[in-house]
Amino acid sequence: MADGRFAISCTLGFIIFAFHPICGDVSYSVPEEMKRGSVIGNIAKDIGLDLGRLSARRARVDSEDSGVQYCSVNLNTGELVVQERIDREGLCAKKTSCILKQELVLENPLELHRFTIRVQDINDNAPQFKEDSFKFEIQESTVKGARFALGEAHDGDIGENAVQGYTLQQNDNFKLNVNLRSAGRKYCELILDKELDREDNNEITLVLTAFDGGSPQRSGTVVIHVTVLDANDNAPVFSQTVYKASLPENSAPDTLVTTVTATDADEGLNSEVSYEFYQRSDENGNVFSISPKSGDIRVTGIIDHEKIPSYEMQISAKDGFGLVSYATLIIDVTDVNDNAPIIKLKSLTNQIPENVSPGTEVGIINVQDRDSENNRQVRCSLQTGVPFKLVPSIKNYYSLVTTEQLDRELVSDYNITITATDEGSPPLSSSKTVHLTVADINDNPPVFEEQSYSAHVTENNKPGSTLCSVAARDPDWRQNGTVVYSLLPGEVNGAPVSSYVSVNGDTGVIHAVKAFDYEHFRSFKVQVMARDNGSPPLSSNVTVNVFISDVNDNSPQILYPTPEGNSFMTELVPKAAHAGSLVSKVIAVDADSGQNAWLSYHIVKSTDAGLFTIGLHSGEIRTQRDISESDSMKQNLFVAVKDNGQPPLSATCSMYLLISDNLAEVPELKDISYDERDSKLTSYLIIALVSVSTFFLTFIIIVLGVRFCRRRKPRLLFDGAVAIPSGYLPPNYADVDGTGTLRSTYNYDGYMTTGSRTSDFKFVSSYNDNTLPADQTLRKSPTDFSDVFGDCDVSPEWHVTY
Ligand SMILES: *[C@@H]1O[C@H](CO)[C@@H](O)[C@H](O)[C@H]1NC(C)=O
Ligand SMILES: *[C@@H]1O[C@H](CO)[C@@H](O)[C@H](O)[C@H]1NC(C)=O
Ligand SMILES: *[C@@H]1O[C@H](CO)[C@@H](O)[C@H](O)[C@H]1NC(C)=O
């Protein structure tokens, strides 16, 4: 346009000033690089020159400033033709308008016509980079958006034909940023669009293309070499995220458990991995070690499956610059049979009553094994030969039950050994001894050592004397086996047995409570019971036979004649009595028995020694010779009756015989009794007897008085063994009953307090008021005597006088 306008104005100027020697500019516009000889324009015509004269006028083109003749004028046609290569770039470089100022010189006359040739750009240059290639070394860690200058491409052309843009080879990481610089120059930068990864691609080659806007378009390229430098961007990577290992417990120290490995994709130091445990808990403590270099995991502590069956640890792998990654290590500790079973006694009936029925549970046992699986399967057994067994119950519980009836008296305690064995290989076992005691039950009655007991005692024994002792055994325990003896109630001759004997509850010694009188009874039976102190008590009975033996304690008693001095009985002897005729008989009895009652009769003294004899054992008095007239009428015999005891006892009597045929002949009976010579001894005897009787009577009265006074007072208690003061005992005579034995009438009430160690005797002295007939005649019926004397013809009426 500008050129066109310029051209027009020039044309106008040419038109206006056509006749000026130096005319206004004619301008031509030509593209550069036209071939030589190419016509630019017809200058002759444009200036209005006469063609024919051109050559004459030696028209030529002169360059105004340079010596280069770019164009020339064809003298024939008046046309401007290209003479030299017109290179706009060479002429004008980056100037937007490239004008060659030329002059057409004509001679003759000299005329100077200026004209300009406007050189137009053609796209004859490709964009070009100065560098052969770009070389970048970029850290892979470089962040996105980083810029790397690439500079610009150069293109000699201008305008459209200059560099219009750049393109970068398609790639993952970079993009191109094109900047507009002043004067429309464009330069570009490489922008990191996506982080590099050396491990992925450590060399990147890109082609950068610059292109211009000409037609045809031209472009130039350059190669960009990018070397990706390593950054420690890769953490080590474990070969497994979870490592699993198993290890038998009790493994020795230094045993290799497993090896962990991690690799690092980086290079050099960045890839040097070291291992360690991460956040190790105390529990895992020092049980394992890890080699930092090799990743070997070894045992350093005690591995106990029962404590920690499995370990879980975090392991870290760290490279040289501290990138870390983690893996989990799980170590299962496998069980080894290293724990013996443990037997625990959960409950135990320590005292098992012996009467429990078989099958009674007496204890609970729990068995544990800390191992696992088979190693914790436990069998429990009991030693043989004891009446117990183990009954498996829920889980690891066993009941200890009895299998038989127990008997404490046979086996009072048991030591039971319980053995528990596990099923490990080799099996382990342990045992426990349980002590069981059998408690007593009162199941055994006392048993007397003998079937029956006999006691022999002589009469007139001291009250309290020992008769015999009984003993019973009871195998039970303590009070269940403590034997207490007692009398069973019974009667002996109508009196309670306790009035005769007593038994010491503890010792079984049987005492006489009072003196026995053989003449009263010769034997009796006592039932003694042995009872234990159990609850309820058990007992057994035994019979004790008490045999009383005789003692010569009774003097013969003369029944006829009545004892001397108290009665004056006289036998009549006929004068005509011949020798050997029976004149009288001394009748005596002895309450004793046997030898002690075997009586013999003797005439101790007589008026006429040769006249009468007495039968030694019959007591019959017979005449020894015929009675003669010279014999004294009054005959007096003094007879002694003696028993055969040791020592013998005797009694005497006097017998008065009157030799007469007629009782009327007897002058005075009274005189008979007083024989001068004999009476002295007789009167001594009488005096002695009377005084003894009087004394005794007084004594009895006193005793009765005392007794009466004490009647309402508490009874006398005697402790311990029977000890009855003899002073309280009345004399041994009281009553003669039909059997001829003498009976004392005092009673003992005997009783025992159960459970006491001693027996208390209550002594109740209760004299029968009729006991002491001080001066009393007892009358007996004839039948009473017939038992004793048989068919004795003696008068049944007799007197006992003190
Ligand atoms: C049981 O053991 C205890 C203590 O070892 C011992 O004194 C006792 O005699 C034993 N008993 C039996 C019946 O073996
Ligand atoms: C005696 O036997 C009874 C059961 O008959 C019992 O209860 C008691 O404990 C036993 N006494 C002793 C000392 O063993
Ligand atoms: C012993 O005798 C008493 C009294 O007669 C009687 O109750 C008891 O059952 C007897 N005991 C034995 C073991 O026979």
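Q: In this predicted model, what makes up the shell around ligand 2, by class?
A: The shell has two nonpolar, three polar and two charged residues. Ile441 and Trp477 are among the residues surrounding ligand 2. They count as nonpolar, because Ile and Trp are on the nonpolar list. Asp440 and Arg478 also surround ligand 2. They count as charged, because Asp and Arg are on the charged list. Asn442, Gln479 and Asn480 complete the set around ligand 2.

Q: Why is the pair between Asn480 and ligand 2 called a polar contact?
A: A polar side-chain atom of Asn480 lies 2.2 Å from an oxygen atom of ligand 2. The cut-off is 3.5 Å, so this pair counts as a polar contact.

Q: What makes Asn442 a polar contact of ligand 2?
A: Here the backbone takes part: an N or O atom of Asn442 lies 3.0 Å from an oxygen atom of ligand 2. Pairs within 3.5 Å count, so this one does too.

Q: How much of ligand 2 does the protein bury?
A: Taken alone, ligand 2 exposes 360 Å². The protein buries 61% of that.

Q: Which residues are around ligand 3, and what classes do they fall into?
A: Leu488, Ser539, Ser540 and Asn541 are around ligand 3. Alone, ligand 3 exposes 350 Å², and the protein buries 36% of that. The shell has one nonpolar, three polar and no charged residues. Leu488 is the nonpolar one, because Leu is on the nonpolar list.

Q: Why is Phe695 called exposed?
A: Its relative accessible area is 61%. Exposed means over 50%, so Phe695 qualifies. Phe695 sits in helix α5, residues 676-710. With Phe696 and Phe699, Phe695 makes a nonpolar surface patch of about 290 Å².

Notes
Residues are numbered from 1 along each chain as its sequence is written. Chains are lettered from A and ligands numbered from 1 in the order in which they are written. This is a predicted model: local features need pLDDT of at least 70, side-chain atom pairs count only at pLDDT 80 or more; totals for chains, interfaces and linings use all residues. Side-chain values use heavy atoms; hydrogens and water are left out. A residue is near a molecule or strand if one of its heavy atoms lies within 4 Å of it. A polar contact is a pair of N or O atoms within 3.5 Å; within protein, one must be able to donate a hydrogen and the other to accept it, and residues adjacent in sequence count only if both atoms are side-chain atoms. Accessible areas come from the Shrake-Rupley method with a 1.4 Å probe; for residues, only the protein chains shown count as cover. Patches are made of residues with over 30% relative accessible area and no salt bridge: like charges are joined within 9 Å, nonpolar side chains (Val, Leu, Ile, Met, Phe, Trp, Tyr) within 5 Å. A salt bridge is a side-chain nitrogen of Lys or Arg within 4 Å of a carboxyl oxygen of Asp or Glu. Helices (H or I, at least four residues) and strands (E, at least two) are DSSP runs, numbered from the N terminus. Buried means under 20% relative accessible area, exposed over 50%, partly exposed in between (1.4 Å probe, protein chains only).
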